[in-house]
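Biologist: Please show me the model, and then we can go through it by question and answer.

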Amino acid sequence: MNLDLITILLLAALTALAMNRYNVLPTWYYRYAKCKPLTCMTCLAFWWGVVLTITASSLHWLLAIPVGLSAAGLTVLIIKLSEK
C-alpha cells in the first residue's frame with residue numbers, strides 16, 4: 001500500500017477525531033482505554049501519523065515524527081475551524 005503524505009495526514013487526523021470526539025468505537029474501548037495516548041486527541045493523531053508513515057507509505061521512516069506532529073497540528077486546526 002502506497003499512501004502519500006496528504007492522505008496520511010488526513011487519515012491520522014480524522015481517525016483521532018472519530019475515536020475521541022465522536023466516539024465511534026464500542027463502549028468497552030472507552031471503558032478500558034484510559035491511558036494518555038488513547039484519551040488525548042492530539043497524542044492519538046500523532047501516533048496514528050507515526051504508525052501510518054512507517055507501515056503504509058513509501059516515505060522514509062525518519063519522516064514519521066514530523067508527519068505525526070503535522071497530523072496532531074491538523075487535528076487541532078480541524079477542531080478550531082469546526083467549533084466556530
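Modeller: Accessible areas come from the Shrake-Rupley method with a 1.4 Å probe, and for residues only the protein chains shown count as cover. This is a predicted model, in which local features need pLDDT of at least 70 and side-chain atom pairs count only at pLDDT 80 or more, while totals for chains, interfaces and linings use all residues. Residues are numbered from 1 along each chain as its sequence is written, and side-chain values use heavy atoms, with hydrogens and water left out.

Biologist: In which helix of the protein chain is confidence highest?

Modeller: Confidence is given as pLDDT, the predictor's score for each residue, from 0 to 100. The protein chain averages 89, and 98% of the residues score at least 70. The lowest mean, 79, belongs to helix H3 (residues 36-39). The highest, at 95, is that of helix H5 (residues 64-82).

Biologist: How many helices and strands does the protein chain have?

Modeller: Helices (H or I, at least four residues) and strands (E, at least two) are DSSP runs, numbered from the N terminus. Read along the sequence, the pattern of the protein chain is α-α-α-α-α. The count is five helices and zero strands.

Biologist: What is the radius of gyration of the protein chain, and why does it count as compact?

Modeller: The radius is taken over C-alpha atoms, and the globule rule is 2.2 Å times the number of residues to the power 0.38. For 84 residues that rule gives 12 Å, and the protein chain comes close to it, so it is as compact as a globular protein of that length. Along its principal axes the C-alpha trace spans about 35 × 30 × 20 Å. The radius of gyration is 13 Å.

Biologist: Is Thr-75 buried or exposed?

Modeller: Buried means under 20% relative accessible area, exposed over 50%, and partly exposed in between (1.4 Å probe, protein chains only). Of the 84 residues of the protein chain, 35% count as buried. Thr-75 is found in helix H5. Because its relative accessibility is 0%, Thr-75 is buried.

Biologist: Which residues is Thr-75 in contact with, leaving aside its neighbours within four places in sequence?

Modeller: Contact means heavy atoms within 4.5 Å. Among contacts in the protein chain with a separation of 6 or more, residues 24 or more positions apart account for 60%. For Thr-75 in helix H5, the partners are Ala-13, Leu-17, Met-41 and Ala-45.

Biologist: Which side chains meet in a salt bridge?

Modeller: Side chains of opposite charge can pair when their charged atoms come close. The N to O distance is 3.1 Å, and the partners are Arg-21 and Glu-83.

Biologist: How many residues apart are Arg-21 and Glu-83, and where does each lie?

Modeller: Arg-21 is partly exposed at 33% relative accessibility, whereas Glu-83 is exposed at 52%. The salt bridge between Arg-21 and Glu-83 links distant parts of the chain. Arg-21 is in the loop between H1 and helix H2 (27-32), Glu-83 is in the segment after H5, and the separation is 62 residues.

Biologist: Which residues form a nonpolar patch on the surface?

Modeller: Patches are made of residues with over 30% relative accessible area and no salt bridge; like charges are joined within 9 Å, and nonpolar side chains (Val, Leu, Ile, Met, Phe, Trp, Tyr) within 5 Å. One member, Leu-14, is in helix H1 (residues 5-20) and is partly exposed at 48% relative accessibility. Together the patch residues have about 290 Å² of accessible area, and they are Ile-6, Leu-10 and Leu-14.

Biologist: What is the phi of Asn-23?

Modeller: Asn-23 is in the loop between H1 and H2 and is partly exposed, with a relative accessible area of 47%. Although Asn-23 is not a glycine, its phi is positive, at about 50°.

Biologist: Which residues does Leu-3 touch, not counting those up to four places away in sequence?

Modeller: Leu-3 is in the segment before H1 and is buried, with a relative accessible area of 14%. Its C-alpha atom is separated from that of Cys-40 by 25 Å. The residues that Leu-3 touches are Ile-8, Ala-56, Ser-57 and Ser-58.

Terms used:
Salt bridge = Lys/Arg side-chain N within 4 Å of Asp/Glu carboxyl O.
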